[in-house]
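Welcome, and thanks for taking a look at this one with us. Below is a short tour of its pockets, helices, core and a few individual residues.

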Amino acid sequence: MIPRDHPRYHSLMQREKLARGYEQGVVVLEGLIAHGRGEAFDYLLGETTIEPARRAIRAAAASLLLASSPVISVNGNTAALCAKELVRLAKEAGAKLEVNLFYRSTERARRIAELLRRAGAEEVLGVEPEAEIPSLSSQRRLVARQGIYSADVVLLAIEDGDRTEALVDMGKRVIAIDLNPLSRTARRASITIVDEVTRALPLLTRELARLRGLGRPELKRRASFDNSANLREVLSYIARRLEEFRPEDF
Ligand code: PTJ
């Protein structure tokens, strides 16, 4: 039991969610390691949503509103950390939810779909995928024909780089949420939100509601985004923070 007044309550609760997810067969062991890497980058950001991430969120919201067939890709970690937020975002964006796993088993895909349904999802794709992403050999190539395969915009989080690359090569606009600005996913995605997934999703949902009603030309203007420039700003932010770091301030 983690006391509510613990200074690292939020972070410890997240670990607890992932550990429980592992016990329930939703998260894989490797997912716990991936979370640790994310935590380290979040320290560098100051565990807060920085301005370049907010800019990426705004462009991502406009892109989702412009999409004709948006899909939100869900893996073990994101399901365990934020199933409700994923469902809320899908509803606001009119997007489909699809389970897509690196360490795939039908049983785990089924459990994740069930978790999303309990969180309010009406339809979850990807449990019995019938299509394949070309030029990808990992299990992540297995996708739903009416989902990721035919999507024009795909949102993913806590993802390895191969599939991001393959989806971009298929001509899709990929929105990635990744705390590591140096990762291949971050560099290859069309829009990278360098932020912790549970912080970013509610902001994205709110931004979608705020932009709804704007005309397509205005949305197109807002969706235009220079991902490399934005990543450089994230790195400058981190570098500045490290330069200015004084142990006595903490
Ligand atoms: O559930 P599966 O089978 O699909 O497997 C999922 C994992 C996470 C094991 C798989 O996608 C993987 O190995 O991912 P990577 O290659 O370790 O990449 C994960 C990226 O997400 C890293 O760059 C981390 O910094 C980042 N990350 C970790 N936790 C978070 C995060 N980004 C945002 N929010 C987080 N909470």
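Predicted model: local features only at pLDDT ≥ 70, side-chain atom pairs only at ≥ 80, totals over all residues.

## How lining residues are classed

H4 gives the most, with seven residues.

## The largest pocket

The largest pocket has a volume of about 690 Å³. Its lining counts 32 residues, and the closest to the centre are Ala34, His35, Ile158, Glu159 and Asp160. By class, the lining of the largest pocket has 12 nonpolar, 10 polar and 10 charged residues.

Which helices each supply at least two residues of this lining? They are helix H2 (29–45), helix H4 (76–93) and helix H7 (184–188). The largest share, eight residues, comes from H2.

## Helix H2

The 17 residues of H2 should span 24 Å at 1.5 Å a residue, and the end C-alpha atoms are 25 Å apart, which agrees. Buried in H2 are Gly31, His35, Gly38, Glu39, Phe41, Asp42 and Leu45.

The buried residues of H2 pack against H1, H4, helix H8 (197–211) and helix H10 (227–244). After H2 comes glycine 46, with a positive phi near 85°.

## Helix H3

Helix H3 covers residues 51–66, 16 residues in total, and reaches 23 Å from its first C-alpha to its last, close to the 22 Å expected at 1.5 Å a residue. Is H3 largely enclosed or largely open? It is largely enclosed by the rest of the structure, because 12 of its 16 residues are buried.

The buried residues of H3 include Pro52, Ala53, Ala56 and Ile57. Also among them are the runs Ala59, Ala60, Ala61, Ala62 and Ser63, Leu64, Leu65, Leu66.

In soluble globular proteins, nonpolar side chains tend to be buried together. Here the largest nonpolar core has 65 residues, and those with the most contacts inside it are Ile72, Leu116 and Ile193. Apart from it lies another core, of 14 residues, including Ile148, Ala151, Ala176 and Ala189.

What does leucine 116 touch, leaving aside its neighbours within four places in sequence? Its contacts are Val74, Ala83, Leu86, Val87, Val99, Ala121 and Val124.

## Valine 71 in its strand

Valine 71 lies in strand S1 (residues 70–74), and counts as buried because its relative accessibility is 0%. Beyond its neighbours within four places in sequence, valine 71 is in contact with Ala95, Lys96, Glu98, Gly147, Ile148, Ala151, Val153, Val154 and Leu155. Of these, Ile148 and Ala151 are among the residues of the 14-residue core.

## Loop residues worth a look

Most residues other than glycine have a negative phi, and most peptide bonds are trans. Serine 135, although not a glycine, has a positive phi of about 60°. It sits in the loop between strand S4 (131–132) and strand S5 (142–143), and at 71% relative accessibility it counts as exposed.

Isoleucine 158 also has a positive phi, near 50°. This residue is found in the loop between strand S6 (153–157) and helix H6 (161–169), and at 27% relative accessibility it counts as partly exposed.

Glutamate 128 belongs to the loop between strand S3 (124–125) and S4. It is exposed, with a relative accessible area of 59%. Glutamate 128 and alanine 109 are 19 residues apart in sequence, and their C-alpha atoms are 8.6 Å apart in space.

Methods:
Residues numbered from 1 in each chain as written. Heavy atoms only, no water. Helix = DSSP H or I, 4+ residues; strand = E, 2+ residues; numbered from the N terminus. Expected span 1.5 Å × (residues − 1). Buried < 20%, exposed > 50% of the residue type's maximum accessible area, 1.4 Å probe, protein only. Core = buried A, V, L, I, M, F, W, Y, C linked by side-chain atoms within 4.5 Å. Contact = heavy atoms within 4.5 Å. 1 Å grid on protein atoms, 1.4 Å probe; cavity = no way out; pocket = protein on both sides within 12 Å on 5 of 7 lines; lining within 4 Å. Points joined across faces, edges and corners; volume = space filled by probe spheres on them. Nonpolar A, V, L, I, M, F, W, Y, C, P; charged D, E, K, R; others polar.
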